[in-house]
Amino acid sequence: ISPISERFRPPSLETTTTAPSVPAVNDSQVPLKSKIAFPFAEFGSHLVWTTVGSYLLAFYTDVALIAPVVAGNILLLARLLDGIQDLGFGYIAERTKSRWGRFRPYVIFGAPFLSISLLLAFVNPANGNTGKVIWAGVTYVLLCFMYTIVNMSYGSMAGVMTTSTKERLTLNWIRAQGGTVSQLLLQVATPFLLVLFASANAGEK
């Protein structure tokens with residue numbers, strides 16, 4: 001080969017072809033045991049809020065004997081505060097760093113306090129109208145705050161458990177089934193519980 005032809009020879013395929021620099025996508029599969037456990041948090045969360053939405057106002061007016069207007073204002077003011085709590089907790093959760101991740105610690109350690117706050121909301125040991133209103137207001141705000149911590153954290157977990165869109169959709173579908181089962185359970189069990197407690201009260205009288 002002459003020096004001239006060598007000089008103008010086209011570069012080889014090896015030197016012109018480069019591999020595309022596309023980052024690998026992590027379509028991680030969520031373990032089956034995690035998928036089985038995932039709806040239980042929604043089951044508990046839905047159980048709490050369905051109970052509150054169905055019976056707390058009736059408890060305030062019929063058991064604690066708080067005036068309906070006052071009871072309604074307690075619920076309204078607490079929900080307004082809840083909007084502020086959502087923003088504040090979202091800011092904190094996104095910046096949380098722990099050995100369990102950003103959101104899971106709030107679900108693990110917040111769930112017991114959510115249960116306690118639910119129980120406190122359905123008792124009213126205070127005497128006098130003012131004491132009853134204060135107790136109802138404080139416990140309901142606490143309940144809303146604990147629900148925000150647990151439910152917002154739980155709702156955000158699907159987005160960090162996997163990068164696969166398909167797996168995220170599956171987790172959200174599984175989560176919805178937990179809420180459906182919880183609602184069905186309440187609808188079926190509540191009439192039997194009412195009859196049971198009514199019979200017990202009648203027997204005492």
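This is a predicted model: local features need pLDDT of at least 70, side-chain atom pairs count only at pLDDT 80 or more; totals for chains, interfaces and linings use all residues.

Residues are numbered from 1 along each chain as its sequence is written, and side-chain values use heavy atoms, with hydrogens and water left out.

The overall makeup, then. The protein chain has seven helices and zero strands. Helices here are DSSP runs of H or I with at least four residues, strands are runs of E with at least two, and both are numbered from the N terminus. Read from the N terminus, the order is α-α-α-α-α-α-α.

Of the 205 residues, 30% count as buried. Buried means under 20% relative accessible area, exposed means over 50%, and partly exposed is in between, with a 1.4 Å probe and protein chains only. The accessible surface of the chain comes to about 13,700 Å², and 68% of that belongs to carbon and sulfur atoms. Those areas come from the Shrake-Rupley method with a 1.4 Å probe, and for residues only the protein chains shown count as cover.

On contacts, meaning heavy atoms within 4.5 Å: among those with a separation of 6 or more, residues 24 or more positions apart account for 75%.

Now the helix pairs. Two packed helices are described by the angle between their axes and the distance between the axes. Axes are lines fitted to C-alpha atoms, for helices over the stretch in contact, and angles run from 0 to 180 degrees between N-to-C directions.

How does H3 run relative to H6, parallel or antiparallel? The axes of H3, residues 32-63, and H6, residues 129-161, cross at roughly 155 degrees and come within 11 Å. H3 and H6 are therefore roughly antiparallel. For the cut-offs, under 35 degrees is roughly parallel, over 145 roughly antiparallel, 65 to 115 roughly perpendicular, and the rest oblique.

The H3–H6 crossing is left-handed. Left-handed means that the near helix is turned anticlockwise from the far one by less than a right angle; right-handed means clockwise. On the H3 side the contact includes Ser-34, Phe-38, Trp-49 and Tyr-60, and on the H6 side Thr-139, Cys-144, Tyr-147 and Met-161 are among the residues met. By class, the residues of this contact are 17 nonpolar, four polar and one charged. Ala, Val, Leu, Ile, Met, Phe, Trp, Tyr, Cys and Pro count as nonpolar, Asp, Glu, Lys and Arg as charged, and the others, Gly among them, as polar.

Next is H5, residues 104-121, whose axis is 10 Å from that of H3 at an angle of about 20 degrees. That makes the two roughly parallel, and this crossing is left-handed. Val-48, Val-52, Leu-56, Phe-59 and Tyr-60 of H3 make the contact with Leu-114, Leu-118 and Ala-121 of H5. The class count is eight nonpolar, no polar and no charged.

The axes of H3 and H4 come within 8 Å and cross at roughly 145 degrees, and the crossing is right-handed. Trp-49, Leu-56, Leu-57, Tyr-60 and Thr-61 in H3 meet Pro-68, Ala-71, Gly-72, Ile-74, Leu-75 and Arg-79 in H4. Here the classes are eight nonpolar, two polar and one charged.

Now some single residues. Leu-57, in H3, is partly exposed at a relative accessible area of 40%. Beyond its neighbours within four places in sequence, Leu-57 contacts Ala-71, Gly-72 and Leu-75. Its C-alpha is 6.7 Å from that of Ala-71, 14 residues away in sequence.

Leu-65 sits in the loop between H3 and H4, which spans 68-94. Most residues other than glycine have a negative phi. Leu-65 has a positive one, near 60 degrees, and is exposed, with a relative accessible area of 56%.

Finally, Cys-144 in H6 is buried, at a relative accessible area of 1%. Which residues does Cys-144 touch, not counting those up to four places away in sequence? They are Trp-49, Ala-78, Arg-79, Asp-82 and Gln-85. Arg-79 is 65 residues from Cys-144 in sequence, with the C-alpha atoms 7.6 Å apart.
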